[in-house]
Amino acid sequence: MEKSKYFLKELNYIQENKLKESAMKLIEELPEYFFEVAASSTGKYHPGYALGEGGLLRHTKAAVRFAHELLEDPSIGEKYTPHEKDLMLIGIMVHDGLKHGKIKDTYTKFEHPILIANLIEEKGEGLGFSKEDITFLKAVVSSHMGPWTTNAYSSTVLPAPKTKYENFVHMCDYLASRKCFSLSFDKNNDIID
């Protein structure tokens with residue numbers, strides 16, 4: 001598994017081995033550019049650590065880390081089953097997986113949440129996810145943009161988060177895009193504790 005090596009630490013947050021294996025296979029479906037591009041071409045919507053080469057990967061790792069830390073807090077984590085926690089972590093790992101489209105476009109594709117949800121639906125069972133898990137993952141990734149469901153440059157209307165799972169995934173993505181949080185990364189793009 002070549003691409004999943006970028007998420008070794010984050011994959012270890014997943015408790016169910018079967019889900020961890022499926023997550024690794026799903027990560028392998030991500031395009032090469034995911035591991036190379038910045039989270040934002042302008043820097044307008046993301047902190048410094050998410051800019052430049054590998055910025056999208058660092059943004060994603062930050063979102064997963066926020067999720068992990070929040071879920072470790074009993075007052076938050078007890079609201080979810082271990083299976084739900086694992087699925088939310090997987091959703092966060094791939095939420096921006098097709099940010100520039102299936103084939104790399106110069107700019108972010110506004111409909112990227114729908115594109116990754118479609119990929120999960122198309123490949124999910126073959127990767128070992130159950131139909132229920134696929135439905136869950138599609139919901140959390142397709143609504144990860146939160147209240148920003150429309151864009152002047154696209155006719156797509158994204159779903160807004162409705163469930164506690166969808167809101168949690170959106171919140172972690174949102175926190176990872178805030179400039180007020182500063183995280184440090186090593187040369188392997190891992191967060192320095």
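**Notes on selected helices and residues**

1. His68 is found in helix H3, which covers residues 55-72. The model is a predicted one, and in it His68 has a relative accessible area of 18%, which places it under the 20% cut-off and so makes it buried. Once its neighbours within four places in sequence are left aside, the residues in contact with His68 are Tyr13 and Leu89.

2. Helix H2 has 12 residues and reaches 17 Å from its first C-alpha to its last, a span close to the 16 Å expected at 1.5 Å a residue. Buried in H2 are Leu19, Lys20, Ser22, Ala23, Leu26 and Ile27. Seen down the axis of H2, these buried residues fall within an arc of 165 degrees, and they therefore line one face of the helix.

3. On the face of H2 turned away from its buried side, the exposed residues are Asn17 and Lys18. The buried residues of H2, for their part, pack against helix H1 (8-11), H5, helix H6 (112-123) and helix H7 (131-142).

4. For H2 (residues 17-28) and H5 (residues 82-94), the axes come within 11 Å and cross at roughly 10 degrees. Because angles under 35 degrees count as roughly parallel, H2 and H5 are roughly parallel to each other.

5. Which residues make up the contact of H2 with H5? From H2, Leu19, Ala23, Leu26 and Ile27 take part, and they meet His83, Asp86, Leu87, Ile90, Met93 and Val94 in H5. The residues of this contact divide into 8 nonpolar, 1 polar and 1 charged. Leu19, Ala23, Leu26 and Ile27, which H2 brings to the contact, are also among the buried residues of that helix.

6. Ala117 has its place in helix H6, one of the helices against which the buried residues of H2 pack. With a relative accessibility of 5%, Ala117 counts as buried. Leaving aside neighbours within four places in sequence, Ala117 is in contact with Lys138, Val141 and Ser142. Leu8 lies 109 residues from Ala117 along the chain, and the C-alpha atoms of the two are separated by 23 Å.

How values were computed:
Residues are numbered from 1 along each chain as its sequence is written. This is a predicted model: local features need pLDDT of at least 70, side-chain atom pairs count only at pLDDT 80 or more; totals for chains, interfaces and linings use all residues. Side-chain values use heavy atoms; hydrogens and water are left out. Axes are lines fitted to C-alpha atoms, for helices over the stretch in contact, and angles run from 0 to 180 degrees between N-to-C directions. Helices (H or I, at least four residues) and strands (E, at least two) are DSSP runs, numbered from the N terminus. Angles under 35 degrees count as roughly parallel, over 145 as roughly antiparallel, 65 to 115 as roughly perpendicular and the rest as oblique. Contact means heavy atoms within 4.5 Å. Ala, Val, Leu, Ile, Met, Phe, Trp, Tyr, Cys and Pro count as nonpolar, Asp, Glu, Lys and Arg as charged, and the others, Gly among them, as polar. The expected span of a helix is 1.5 Å times one less than its number of residues. Buried means under 20% relative accessible area, exposed over 50%, partly exposed in between (1.4 Å probe, protein chains only). The arc is that of the directions from the helix axis to the C-beta atoms.
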